[in-house]
Amino acid sequence: MTPVTAHNPFTLNFGKTPLTSIDRSSTKQTILDEFRSPLMNTQVYVISGVRGSGKTVLLTEIDKELSTDPTWIVVELNSTRDLLTGLASKLYQLPAIRPLLVDAQIDLSLLGIGVTLSASEPVTDIETGLERIFTVLAKLKKRVLICIDEVSNTQSMKEFASAFQIFMREDYPVYLLMTGLYENVSNIQNDENLTFLYRAPKVFLSPLNISAIKSRYMQLLGLDEPRARMYAQLTKGYPYAFQLLGYLAWTNPEAPYDQLLTQFDQSIQEYVYQKIWADMSHKDHEVLHAIATLTAQNEGDSIPVKDIRTQAGISSNLMNVYRNRLAQKGIVDTSVYGYLSLTLPRFDVYIRDYFVDASEI
């Protein structure tokens, strides 16, 4: 096996757009079409999925495409900072926008933004300042897309979302694209003052197409069809696994499959699974351990829910709670009625190795 490319086209870095990826054309186009619609029907989209599912990549692709359109202004905000102030500051500093705001006598100097304008009264409230900015941009037929990656339920996020709700109600041409883990997005939506986010369309990223992964491995790694299919099936369509296995296979083209598998397990456990596991409750662990144990005993990945419930020793009602929660987190697949399977490749291996039953200690 000889890699076709001179430089490794795969990456292990989170949050960085890889040199090669499987395009989610349909999902991306749906969001773009909604945002570009002449009528502002959909101004918010939330992209959710398990860690490593490609949320940031999709957000970046949409960001880049709209950034090339002169009618759009795209602003990326740091979710750990003061979002409203960050938005006003970034808008004010844009070379193509700042002169327009100065001409409109929008003085944000008291907020630490821009310069003092002697002929105008300084704005003392950040929301008022943003409303004046959006009024100017609306007259110029401009639309503003605000991108926030990996949101969490912080005070700054609550304040920003509350203000954004007002901006939408006033018909300002502002749009919001957010990404986040299911639990973080859910915590924001559960705030009684931010119920509008429940109505916002949500994209839960599904696995990548196995045939597309197989073709990419054949193209970039020089694999024959059977081996490329085996590699693609191993990834289960999980984007990070696609990148990781490709990276390892490109770096070690002569490595036997068993060696690649060992390297794959070590890397994906360290970079992804340890964090996913740590973010779940012990009862989640018990249910997942039941699935992993039964997976090892069966040839197929799909396990009857009744067997999982028996193995975990929990009631039917409680099983429903954890089945739904793990599905919403993107950890289990519930598409086959009465059965569950793990969505992440070789996660069952990690679970069996790291699960600790407190009752046995």
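Trainee: Which residue stands opposite Pro 304 in β8?
Mentor: That's Tyr 339. Keep in mind that we're looking at a predicted model.

Trainee: And how many bridges join β6 to β8 there?
Mentor: Two bridges, and β6 runs antiparallel to β8, which covers residues 339–342.

Trainee: What's the strand order in that sheet?
Mentor: The order is β6-β8-β7, an open sheet of three strands with antiparallel pairing.

Trainee: Why is one side of β6 and of β7 left without a neighbour in the sheet?
Mentor: Because β6 (303–304) and β7 (332–333) stand at the edges, and each has a single partner strand.

Trainee: OK, new topic, β1. Are its residues buried or exposed?
Mentor: Buried, five of the five in residues 44–48, so the strand is largely enclosed by the rest of the structure.

Trainee: Which way do the side chains go?
Mentor: Val 44, Val 46 and Ser 48 point one way, while Tyr 45 and Ile 47 point the other way. In general, side chains in a regular strand alternate between the two faces of the sheet.

Trainee: Which strands does β1 pair with in the parallel sense?
Mentor: One is β4 (residues 174–180), over five bridges, with Ser 48 standing opposite Gly 180. Another is β5 (residues 202–204), over three bridges, where Lys 202 is the bridge partner of Val 46.

Trainee: What does Leu 288 touch?
Mentor: Leaving out residues up to four places away in sequence, Leu 288 touches Trp 277, Met 280, Leu 326, Ile 331, Val 332, Leu 342, Phe 347 and Ile 351.

Trainee: Last one, helices. At what angle do α3 and α6 pack?
Mentor: About 60 degrees, with the axes of α3 (residues 83–93) and α6 (residues 155–169) 8 Å apart. That makes α3 oblique to α6.

Trainee: Which residues make the contact?
Mentor: From α3 you get Leu 83, Leu 84 and Leu 87. On the α6 side it's Ser 156, Met 157, Glu 159, Phe 160 and Ala 163.

How values were computed:
Residues numbered from 1 in each chain as written. Predicted model: local features only at pLDDT ≥ 70, side-chain atom pairs only at ≥ 80, totals over all residues. Heavy atoms only, no water. Buried < 20%, exposed > 50% of the residue type's maximum accessible area, 1.4 Å probe, protein only. Helix = DSSP H or I, 4+ residues; strand = E, 2+ residues; numbered from the N terminus. Pairing = 2+ DSSP bridges. Contact = heavy atoms within 4.5 Å. Axes fitted to C-alpha atoms, helices over the stretch in contact; angles between N-to-C directions. Parallel < 35°, antiparallel > 145°, perpendicular 65-115°, else oblique.
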